[in-house]
Amino acid sequence: MNIAAPHRRARSGFVERTLVDINHALEQSIFAERLARQQGLLQGIDARVKVIALLLLLLAVNLSHSLWVIAGLYAAALLLALLSRVPFWAYLKRTWAFTLIFTGIVALPALFITPGPVWVHLPLDIIITQTGGRTALFLLFRTGASVATAVLFVLTTPWNSLLKALGVLHVPDVIILVLGMTYRYIHLLLHTANDMFLSRRSRILKRMTDAEERRLAAATAGTLLAKSLQISSDVYLAMESQGFRGYPRTLETFRMRWSDWCFGMVVVLMSTAAIWLGR
Amino acid sequence: MFLRRIFNNVPRYFILYYAMIAFWLGATAMHIPDGYLSPVTCVVMFLIVLPFWVRGVQKLRQKMNAKNVPLIALLAAFSFVIMMFNVPIPGGTTAHAVGGSLIAVILGPEITTIAVSIALLIQALFFGDGGILAYGANCFNMAVVLPYVSYAIYQAIRGKTDVASKRTVIGAAVGGWVGLTVAAFFAGFEFGIQPMLFHTADGTPLYAPYPLSVSIPAMVIAHALVASVVEALITGLVVAYLQRANRPALEMPKQEQFSPEAGGFAKWRVLLVILAVLVVVTPIGLLAPGTAWGEWGTDELSSLGLSFIPSGMAKLSGLWSAPMPDYNLPALGNANLGYVLSAVVGAIVIAIVVWLFTFLLMRGKSKSAGEVSQKS
C-alpha cells in the first residue's frame, strides 16, 4: 500500500511554486553577472554609452511605422548578441518565450476582431483581416525587438556599472544608491524567504488547504516586512558608524575610449536612419 | 438549466478569448512591456509621474535624512520579493500581489511611490518584466495610483480607530482591492487610447490594438476578479498578522511622522480628484467608434454584419431591460450628456454600495467588539 499516495487533484502547492520562483530569480541573477564579465563586443563598451544606445534603439523600434525596419533592428540585436558571445539559443529562447506567450496571447484576438479587408478565410466562417494581421505583427515584432535589445544590453553590463551609468540620465545619486542597496537586499530577502518556506515545508505532513496556505503566505510576508524594517535600522547604524553622511561616493571612474565613441556613433546613425526610414 | 442555456449560446471563441486575456493579466499583473504604448504616451506618462518622484526624493533628502536610505532600499526589496509570492485565491488559481497598498498602509503613499518605482526599475532592467520606455506608465499605475488610492480608502475606512481594530484590517483589504482595480482601469485606458491616436493611413493600429471598449473591461474585470483579490488578501492578512505578531511595525508611521497629516477633507482629496478625473474622462468612450465588446444588443449584432442572431440570444434579449439602456437616458435627448450623467450616477451608486457594505460590516464588528468588552 502506498501511504503517500498523491492527492487526486494533486497540484503543487503555493509553497512549492513560490520556492521555484525564488530559485529561478536567483539563478537568473547569477547568469546575468557571469555573462557581463565575459569577453565580447558589448561587454567592452562604456556603460554610459550603452545606456544611451539602449534608449535610442528602443525609441527607434517603437517609433517605426514599418515592419521591415523593426525586423532589421531585431536582426541587429541578434548580430550584437553573437558578437558579444551571448549563448545564442538560450538568449533566443528567453526573449521569445516571453514575447510569444504573453504578447502572442494578447495579439491573437486582434487577428479576428480588427475590421478590415479579408485576408484569410478559415473554416467555420472565421475571417482573418489584413489590418488585424498587420497590427498583430506590429505588436509581436515591437515587443520582441524591444525585449531582445533590453535583455541583451542588461545581460552584458555588470549591475554596478549600469547603476552608475544611470547618472548620465540625471537620476539623483540618492536613488542610485538606493537602487544598489535594493539589489543586494533582494538577494538577502529572497534567501530569507526561501529559508522560511523551506523550514515550513519540511514540517508539512499533509496537503495544506488554500486558507492555510493564504495564512502562511501572509505570515511569511508579515515577518519579512518586519525583518526588513529591523534590518534597515541596523544597516543605518552600520553605515553611520562607517562615516555615511547621506550622500554616496564611488571609487570607479568612467573613461571614454575610441571604441566607445565608435560604437556610440554607429548606434546614433543606425537609430536615426531607422527612425527616418520607418516614418 | 438556465445558466447552462446562456453558456451554450455564447460563442466558444468568446470564452477562449476572455480566458486568454485573464490568463495573461493574471500572469503579468499589469507590467506593460515595450511595444504596447507609443513613445509619445510613454513620455506623457513619465511627465505625469515626475512630480511624485521629485516629491519623494525631496523628502528622502531633507525631512527624512540619511536614515531612510536603507529603509527605502529594504522596502523596495520587500516589494520586489512580495511580487514573487504566488497566493492561492478562491477558485483554484494563484496570482501575485504588487505589495504597493501594504507598504502604503505602513509608511504612507509618498514613500511607497519611491519604493515601488525602484522595485519596478529593477524588474524592468533585470528581469525584462515591464518595458523600459513604458517604465513611466508602469510607475503611474502601480507606484502612484495604487498606493494613493489604497491609502485614501484605508484612511477613510479606518477613521480614528486604534491600530489593533478590525477596521484597520478591513480598510487595508478594501484599499488594496480598490487601489489595484483603479490602477487596472488606468492601464486599460492607456492601452485603449493607442488605436485611436496611433494608426497607419489605412487604419492599422501601430501599438496595442484594442479600443477602450475592449481594453478597459478586460483589464478591470480580470483584475477585479484575480489580481486585486490577491492584493486585498495580502494587504489585509499581513496587517492582521502584524496586529497579532508585531504591532510596533504597524505603528511606525506615528513614531517617525511618515504619514501626511490627513484629517477631514484632506484624506478624501486624492480619492475625490481621481474620481473626478475618471468621471471627466468617461466621455472619451464616445470617441471610440465601435460598440462595447461582448455587449452587443441583437440590433447591433446585425448592424455589425452578423447575418443571423443566435435564437437563444433573440429569446433572452427581451428578458432584461435596463433603466438606462446604452448608458443613456432617452428622456434627455442628448446622448453625450446622458453618457456623462450615467458616469456620475454610476460613481454615486457604487460609492453608496461600498459605503453601505462597509457600514453594515462595521456595525456587526463593533457590536461584537462591544459585547466582548462588556463581558471582560
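Modeller: Before we look at anything, a helix here is a DSSP run of H or I with at least four residues, numbered from the N terminus. Keep in mind that this is a predicted model.

Biologist: Fine. What backbone feature turns up just after α7(B)?

Modeller: Just past the end of α7(B), B:Gly159 adopts a positive phi of about 60°.

Biologist: Where does α7(B) have a kink?

Modeller: At B:Val145, with an angle of about 30°.

Biologist: How should I read the confidence in chain B?

Modeller: The general idea first: where pLDDT is low, the predicted coordinates should not be read in detail. Chain B averages 67, and 53% of its residues score at least 70. Within this chain, α7(B) has the highest confidence, at 90, and helix α13 (residues 284–287) the lowest, at a mean of 41. Residues 280–340 of chain B are below 50, with 55 contacts in the model beyond near neighbours in sequence. For the complex, the predictor gives an ipTM of 0.78 and a pTM of 0.70.

Biologist: Which residues have the most contacts inside the largest nonpolar core?

Modeller: A:Leu73 and A:Val178, in a core of 173 residues. Helix α9 of chain B, residues 212–245, gives the most to this core, with 20 residues.

Biologist: What does A:Val178 touch, beyond its neighbours within four places in sequence?

Modeller: Its contacts are in chain B: B:Val69, B:Ile72, B:Ala73, B:Ala76 and B:Ile118.

Biologist: Last one: how many helices and strands does each chain have?

Modeller: Chain A has nine helices and two strands, and chain B has 16 helices and two strands. From the N terminus, chain A runs α-α-α-α-β-β-α-α-α-α-α. Of the contacts in chain A between residues at least 6 apart in sequence, 77% join residues at least 24 apart; in chain B, that share is 73%.

Notes
Residues are numbered from 1 along each chain as its sequence is written. Chains are lettered from A and ligands numbered from 1 in the order in which they are written. This is a predicted model: local features need pLDDT of at least 70, side-chain atom pairs count only at pLDDT 80 or more; totals for chains, interfaces and linings use all residues. The bend at a residue is the angle between axes fitted to the seven residues ending there and the seven starting there. pLDDT is the predictor's confidence in each residue, from 0 to 100. Two residues are in contact if their C-beta atoms, placed from the backbone, lie within 7 Å. A nonpolar core is a set of buried Ala, Val, Leu, Ile, Met, Phe, Trp, Tyr and Cys residues joined through C-beta atoms within 7 Å. A residue is buried if 20 or more other C-beta atoms lie within 10 Å of its own, exposed if 12 or fewer, and partly exposed in between; C-beta atoms are placed from the backbone.
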